[in-house]
Amino acid sequence: MSRPSVWAPKVAALIKSNNSQAALAQIKVAPTVKDLQQLRALMTADGSLLKHRQIDEATRDMIIALSAPRLHRSP
């Protein structure tokens, strides 16, 4: 059994402390789509996603980017 990720609660804490620049930097290097979705769920639950438009856009963009298939170079 794997441990639950602590990334989303930590980034949510950054956002709640009004450090959105640090949160945006973390969102750009998010580990997985699941972590981003968990962050969006946490922020939607407390209503802070509506207050932070940049965070909303950044999370949506990174979910799309991480979900896209990767292009690999042939050997």
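Helix axes here are lines fitted to C-alpha atoms over the stretch in contact, and angles run from 0 to 180 degrees between N-to-C directions. With that in hand, take the first pair. α1 and α2 pack at an angle of about 155°, and their axes are 8 Å apart. Angles over 145 degrees count as roughly antiparallel, so α1 and α2 are roughly antiparallel to each other. Their crossing is left-handed.

One caution before going on. This is a predicted model.

Now the overall picture. The protein has 5 helices and 0 strands. From the N terminus, the order is α-α-α-α-α. The C-alpha trace spans about 45 × 30 × 20 Å along its principal axes. There are 75 residues, and 29% of them count as buried. Take the contacts with a separation of 6 or more. Residues 24 or more positions apart account for 62% of those.

Back to α1 and α2. Which residues meet there? From α1, Trp7, Val11, Leu14 and Ile15. From α2, Ala22, Ala23, Gln26 and Ile27.

Between these two helices is a loop, and Asn18 lies in it. Look at the backbone of Asn18. Its phi is positive, about 60°, and Asn18 is not a glycine. As background, most residues other than glycine have a negative phi. Is Asn18 buried or exposed? Asn18 has a relative accessible area of 64%. The cut-off for exposed is over 50%, so Asn18 is exposed.

Next, α2 by itself. Its buried residues are Ala23, Leu24 and Ile27. Looking down the axis of α2, these buried residues fall within an arc of 100°, so they line one face of the helix. What do the buried residues of α2 pack against? The partners are α1, α3 and α5.

On to α1 and α3. The angle is about 45°, with the axes 8 Å apart. The crossing of α1 and α3 is right-handed. The α1 side of this contact includes Trp7, Val11 and Ile15. The α3 side includes Leu36, Leu39, Leu42 and Met43.

From α3, Val33, Leu36, Gln37, Leu39, Arg40 and Met43 take part. From α5, the residues include Ile55, Asp56, Thr59, Met62 and Ile63.

That brings us to α5 itself. First, a geometry check. Helix α5 covers residues 53-67, which is 15 residues. At 1.5 Å a residue it should span 21 Å, and its end C-alpha atoms are 21 Å apart, so the two agree. The buried residues of α5 are Ile55, Asp56, Ala58, Thr59, Met62 and Ile63. Seen down the helix axis, they fall within an arc of 170°, so they line one face of α5. The face turned away carries the exposed residues Arg53 and Ile64. What covers the buried residues of α5? The cover includes α1, α2, α3 and α4.

Start with Thr59, in helix α5. Its relative accessibility is 0%, so Thr59 counts as buried. Leave out residues up to four places away in sequence. Thr59 then touches Ile27, Leu36, Leu39 and Arg40. Ile27 is one of the buried residues of α2.

Then Asp56, also found in helix α5. Its relative accessible area is 17%. The cut-off for buried is under 20%, so Asp56 is buried. Setting aside neighbours within four places, Asp56 is in contact with Arg40 and Leu49. Arg40 is also among the residues that Thr59 touches.

Note on methods
Residues numbered from 1 in each chain as written. Predicted model: local features only at pLDDT ≥ 70, side-chain atom pairs only at ≥ 80, totals over all residues. Heavy atoms only, no water. Helix = DSSP H or I, 4+ residues; strand = E, 2+ residues; numbered from the N terminus. Expected span 1.5 Å × (residues − 1). Buried < 20%, exposed > 50% of the residue type's maximum accessible area, 1.4 Å probe, protein only. Arc of directions from axis to C-beta. Contact = heavy atoms within 4.5 Å. Left-handed = near helix turned anticlockwise from the far one by under 90°. Parallel < 35°, antiparallel > 145°, perpendicular 65-115°, else oblique.
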